[in-house]
Amino acid sequence: MMKPKDAIRPVAIALTAAILAVLGVATVAPAVFAQEKVPATILPGHWQYNYKIGGVLPVGKELKCLTAKDVAQFSEGICTRKFKCVYERKVVGDGHIDLKGVWIDKKNREAPVKGKGTYTPETFKLDVNVTTIHGLPLSGVMEAKRLSATCPAATE
């Protein structure tokens with residue numbers, strides 16, 4: 001025989017779900033979890049970048065204001081203003097980055113580069129392996145996080 005409070009429980013759950021639906025609050029059935037699609041790129045705003053050589057030695061930190069144009073560039077493969085970046089393999093999507101190509105300096109010298117990493121709309125981490133124009137192999141890490149949706153007047 002079912003106890004009175006056991007009979008009320010399914011009704012209470014259904015009522016709660018109905019109230020949440022009316023209020024516009026999403027509900028998820030316990031056995032069904034929707035996979036959230038990761039955006040194709042990062043969000044614009046005020047970002048902090050940290051650079052390390054060998055993954056451990058900090059060599060730089062900077063603040064950047066990323067515009068919609070910069071965000072679009074992220075999908076094309078990470079590049080700095082000092083280089084022209086040409087990637088023969090460029091996969092940026094579903095939270096993963098996989099790049100292989102060359103960075104070309106202002107004197108048209110090429111440095112082969114590979115990069116793999118992950119991203120969310122507000123963070124990214126890229127492990128980079130590059131052979132300098134002088135043949136020196138280097139590995140490094142570029143990590144960045146979004147500090148805010150808007151940029152202070154002093155950042156570029």
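Guide: In this model, β3 pairs with strand β4 (residues 96-104) in the antiparallel sense over 9 bridges, and within that pairing V92 has I97 of β4 as its bridge partner. Strands here are DSSP runs of E of at least two residues, and helices are runs of H or I of at least four residues, both numbered from the N terminus; two strands pair if DSSP finds at least two bridges between them. The model is predicted, so local features need pLDDT of at least 70 and side-chain atom pairs count only at pLDDT 80 or more, while totals for chains, interfaces and linings use all residues. Residues are numbered from 1 along each chain as its sequence is written, and side-chain values use heavy atoms, with hydrogens and water left out.

The two strands belong to an open, antiparallel sheet of 7 strands in the order β2-β1-β7-β6-β5-β4-β3. Its edge strands, β2 (57-66) and β3 (84-93), each pair on one side only.

Turning to the cysteines, the whole structure holds 2 disulfides, a disulfide being a pair of cysteine sulfur atoms within 2.5 Å. C65 is joined to C151, with 2.1 Å from S to S. Because C65 lies in strand β2 and C151 in the segment after β7 (137-148), this pair ties together parts 86 residues apart in sequence. The other disulfide joins C79 to C85 at an S to S distance of 1.9 Å; with 80 degrees about the S-S bond, this link is right-handed. Counting bonded cysteines along the chain, the pattern is 1-4, 2-3.
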